[in-house]
Amino acid sequence: MTADERKLFDHLKSPHLKYWVPFIWFGNLAAKARKEGRIRDSVDLQSLMTEMNKYRSWCSLLFGYDWVGIPLVYTQVAEQLINPFGEDDDDFETNWCIDRNLQVSLLAVDEMHMSLPKMKKDIYWDDSAARPPYTLAAADYCIPSFLGSTVEMGISSFHPIPFAKCLLILANDSLWHPSPKGAAEAESLLRSKGKD
């Protein structure tokens with residue numbers, strides 16, 4: 001987190017956790033990029049936001065695991081699993097959930113609408129072929145991308161067969177090789193077929 005991002009983060013006053021604030025920044029930045037034409041398609045923007053929402057949901061799930069404590073004593077664990085919110089129905093704080101969600105929603109909409117931290121150039125700013133840094137131990141495992149078995153085929157060694165000769169090959173059910181001798185033989189066969 002940069003110093004500017006930290007200032008914005010600390011400036012937002014909330015009695016609740018604010019792990020979701022960078023996700024709002026992400027959404028605002030993605031909307032700005034779409035408006036500026038950096039993201040050219042709404043489908044791409046939707047895909048980007050869907051993936052971000054999955055990640056935000058995982059963070060929320062992690063927060064939930066941290067929030068609900070399960071006692072270590074075996075006899076209490078079973079009771080907690082059966083009634084995680086206690087014996088009494090009123091032990092579940094519905095009002096707290098509503099208050100928290102309302103406060104977070106209003107904060108995100110009113111105070112954070114198109115609020116973005118100042119962009120700061122990093123080492124990858126102008127590098128279109130950026131590669132992640134590797135430690136010395138991991139550098140040996142950096143292997144080139146698989147390019148396929150035909151990547152070394154040269155265009156100059158490719159000799160296309162004219163369509164008429166392909167038909168002749170199919171008609172005669174024989175093989176034709178792209179050599180001057182083979183071409184002359186194919187042409188003579190083509191002439192003889194034409195006379196028939």
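The questions below take the labels one by one.

Me: What should I know before we start?
Reply: This is a predicted model, where local features need pLDDT of at least 70, side-chain atom pairs count only at pLDDT 80 or more, and totals for chains, interfaces and linings use all residues. Residues are numbered from 1 along each chain as its sequence is written, and side-chain values use heavy atoms, with hydrogens and water left out.

Me: How many helices and strands does the protein have?
Reply: Eight helices and zero strands. Helices (H or I, at least four residues) and strands (E, at least two) are DSSP runs, numbered from the N terminus. In order, the elements read α-α-α-α-α-α-α-α.

Me: How do you know that the length of helix α3 agrees with its number of residues?
Reply: The expected span is 1.5 Å times one less than the number of residues. Helix α3 covers residues 42–67, which is 26 residues, so it should span 38 Å. Its end C-alpha atoms are 37 Å apart, which agrees.

Me: What reaches the backbone nitrogen of Val 43 at the start of α3?
Reply: A side-chain oxygen of Asp 41 does, coming within 3.1 Å.

Me: Which other pairs form salt bridges?
Reply: Arg 38 pairs with Glu 36 at 3.0 Å between the closest N and O atoms. Lys 54 pairs with Glu 51 at 3.2 Å, N to O. Lys 54 and Glu 51 are about one helical turn apart, because they are three residues apart in helix α3. The count comes to three salt bridges.

Me: Why is Arg 38 called exposed and Glu 36 partly exposed?
Reply: Buried means under 20% relative accessible area, exposed over 50%, and partly exposed in between (1.4 Å probe, protein chains only). Arg 38 has 67%, so it counts as exposed. Glu 36 has 46%, so it counts as partly exposed.

Me: Is Asn 28 buried or exposed?
Reply: Asn 28 has 10%, so it is buried. This residue is found in helix α2 (residues 21–36). Of the 196 residues of the protein, 15% count as buried.

Me: What is Asn 28 in contact with, leaving aside neighbours within four places in sequence?
Reply: Contact means heavy atoms within 4.5 Å. The partners of Asn 28 are Met 112, His 113, Met 114, Ser 115 and Leu 116.

Me: Where is Leu 116 found?
Reply: Leu 116 is in the loop between α5 (94–111) and α6 (136–139). At 24% relative accessible area, it is partly exposed. Its contacts beyond four places in sequence include Leu 8, Trp 25 and Lys 32. Leu 116 and Phe 26 are 90 residues apart in sequence, yet 8.6 Å apart in space, C-alpha to C-alpha.

Me: What makes Lys 18 a charge over the ring of Phe 9?
Reply: The rule wants NZ of Lys or CZ of Arg within 6 Å of the ring centre and within 35 degrees of the ring normal. The charged end of Lys 18 sits over the Phe 9 ring, 4.6 Å from its centre.

Note on methods: A polar contact is a pair of N or O atoms within 3.5 Å; within protein, one must be able to donate a hydrogen and the other to accept it, and residues adjacent in sequence count only if both atoms are side-chain atoms. A salt bridge is a side-chain nitrogen of Lys or Arg within 4 Å of a carboxyl oxygen of Asp or Glu.
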